[in-house]
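Here is a short briefing on one protein model.

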Amino acid sequence: MKKIINFILVAVAAVGFSSCKDEVTIVDTQNSFTEIIVTPDAGQKSVLVRTEGKWSVSVDEAGAEWVEFVGATSGKGEGAFTFKYAENRPTEISRGLRRKASIVVLTGDQFTSKTIELKQCGVAPTLMFRSEAIEISSEAQEVCRVSLDSNLSVADTESFRFGVVSPQGTDWLSNFGVSQDCSSITFSCTENTSGAPRVAVVSVNYVDPWGETFVSTCGVQQNVPVVEEPEDPENAGSEE
């Protein structure tokens with residue numbers, strides 16, 4: 001069986017796309033890009049496939065809710081497939097965050113594939129601590145909170161990564177997590193018995209579907225216990 005002699009897909013830039021839902025754009029096969037970027041408007045595109053033998057196309061789970069094929073999803077030899085994509089704007093039930101789907105074309109023996117990354121523009125993620133630094137008491141605490149501004153959901157927080165940098169080591173801060181409404185980062189701390197304040201920089205890291213990294217940091221200072229000075233008997237007597 002002959003191998004694939006040519007298999008070319010192209011992306012068209014996001015600038016200048018029409019918002020018409022029934023518009024079909026034919027991809028120029030003179031280029032060989034594997035990324036397509038579209039605006040938040042709903043639309044439709046066609047992709048040319050050049051190969052020998054049979055081919056078929058599918059979309060991954062991430063695109064199942066907003067990408068739909070129109071017409072044939074398989075063929076033989078040179079052909080084309082068409083897909084449409086839904087609007088991606090903020091609504092009462094959608095945050096309209098930018099998103100990505102993978103369209104996979106299997107060819108020949110079905111073990112050779114070509115993946116197109118379909119990226120749809122939308123609202124950029126927001127991830128920012130509300131305070132540059134916080135102070136906490138010397139006592140051990142099960143839950144400390146740092147307020148957070150974010151438009152992400154609990155499902156997105158599964159991708160969060162936390163980091164701690166501290167000259168006193170990192171063992172005194174642990175159990176990092178996110179509140180259910182994504183309004184704060186939580187963590188635990190041990191009692192400060194060192195005799196001096198402990199300081200750390202806490203970071204939260206999120207990589208969105210487009211592969212862009214968002215990082216926010218906050219300083220944490222754990223104070224030392226407050227020692228009450230003993231009462232001076234002479235001063236106490238003079239007050240009578």
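The points below are grouped by topic.

This is a predicted model, in which local features need pLDDT of at least 70, side-chain atom pairs count only at pLDDT 80 or more, and totals for chains, interfaces and linings use all residues. Residues are numbered from 1 along each chain as its sequence is written, and side-chain values use heavy atoms, leaving out hydrogens and water.

**Nonpolar cores**
- A nonpolar core is a set of buried Ala, Val, Leu, Ile, Met, Phe, Trp, Tyr and Cys residues joined through side-chain atoms within 4.5 Å.
- Buried means under 20% relative accessible area (1.4 Å probe, protein chains only).
- The largest core holds 22 residues, and Phe-129, Ile-134, Leu-173 and Phe-187 have the most contacts inside it.
- β16 (198–207) is one of the elements that give two or more residues to this core; its share, four residues, is the largest.
- Another core, of 17 residues, lies apart and includes Val-38 and Phe-81.
- Ile-134 touches Phe-187 and Cys-218, among others (contact: heavy atoms within 4.5 Å).

**Cysteines**
- The whole structure has zero disulfides (cysteine sulfur pairs within 2.5 Å).
- The cysteine sulfur nearest to that of Cys-144 belongs to Cys-189, 3.8 Å away.
- Cys-144 counts as buried because its relative accessibility is 3%.
- Cys-218 counts as buried at 1%.

**Strands**
- Strands are DSSP runs (E, at least two residues), numbered from the N terminus.
- An open, mixed sheet has the order β2-β9-β8-β4-β6, with β2 and β6 as edge strands.
- Two strands pair if DSSP finds at least two bridges between them.
- β8 and β9 run antiparallel, joined by nine bridges.
- Thr-107 has Thr-112 in β9 as its bridge partner.

Conventions
Buried < 20%, exposed > 50% of the residue type's maximum accessible area, 1.4 Å probe, protein only. Lists of a residue's contacts leave out its neighbours within four places in sequence.
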